[in-house]
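This report concerns aromatic rings and the packing of a helix. Please examine the structure shown here before reading on.

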Amino acid sequence: HNSDWFELRNCRIGRNFVGDDAMHIAYSKGTVDNCEFINARSDGLDIDISDVEITNSIFYKSGNDGLDIMTTSMEASNNVFIDMGDKGISVGEWSKANITDSFFLRTVIGTEVKDKSNVTVKNLIYVESRDKAINLYNKNKRYDEGGRIEGDVFLLGNTKIEADKYSVQNINYHSNNTLPDLKELIWYKRLKNTLYKKLVDDVEVKYAQ
């Protein structure tokens, strides 16, 4: 909290038994790189009123959201979200985010955008979202808008995108039930011989081109 600049690298965070979030960042500016957030009691990483970059990280089996931001500016790339209890990424309360080159597997909702937040996306892959791939709505009535999202994504197994009347979605999505080639993607290369690679490889076999 209250940090002019921080760097969090090469860390494994979780399982937490006290409190909700495995890690909380607030009123700070910095970067999170090559970290694992595992088995969080609620959110894996919760960020409020900050300016952050999240790269090359894995979020696995959070009880609630993998990554939750509020009133925050975020650049996020080459991240992996697997088996979330709720959202992979939740963006709320007048946040701005650019999310690229990331993978979402079996989240309840892949990405949710709400309350005057604006998100651009590119090369996101959502596989077997349990409720919706993308959801936009006006949750907090202090804001007169819902969420706004634009960009391109891949949707496999669940192509559901929902936006309420206060929200705007301009998503170009690819959905032919085949994965794009993962072998050259940075996030895939970084999985190496881990549990996560096996989970992704199992999906790749299922949706082989």
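## Aromatic cluster

Phe37, Phe59, Phe81, Phe104 and Tyr126 are joined into a cluster by ring pairs. Rings of Phe, Tyr and Trp (its six-membered ring) pair if their centres lie within 6.5 Å; planes under 30 degrees apart count as stacked, over 60 as edge-to-face and the rest as tilted. The model is predicted: local features need pLDDT of at least 70, side-chain atom pairs count only at pLDDT 80 or more, and totals for chains, interfaces and linings use all residues. Residues are numbered from 1 along each chain as its sequence is written, and side-chain values use heavy atoms, with hydrogens and water left out.

## Individual ring pairs

The rule for ring pairs gives seven aromatic pairs. Phe104 and Tyr126 are stacked because their ring centres are 4.5 Å apart and their planes lie at 20°. Phe104 belongs to strand 13 (residues 96-105) and Tyr126 to strand 15 (residues 117-127), so that this pair, 22 residues apart, links distant parts of the chain. Strands (E, at least two residues) and helices (H or I, at least four) are DSSP runs, numbered from the N terminus. Both Phe104 and Tyr126 are buried, where buried means under 20% relative accessible area, exposed over 50% and partly exposed in between (1.4 Å probe, protein chains only).

Trp187 and Tyr188 form an edge-to-face pair, because their centres are 6.1 Å apart and their planes are at 85°. Trp187 and Tyr188 are also buried.

## Helix 2

The buried residues of helix 2 include Tyr196, Leu199 and Val203. Among the elements against which its buried residues pack are strand 13, strand 15 and helix 1 (186-191).

Notes
Contact = heavy atoms within 4.5 Å.
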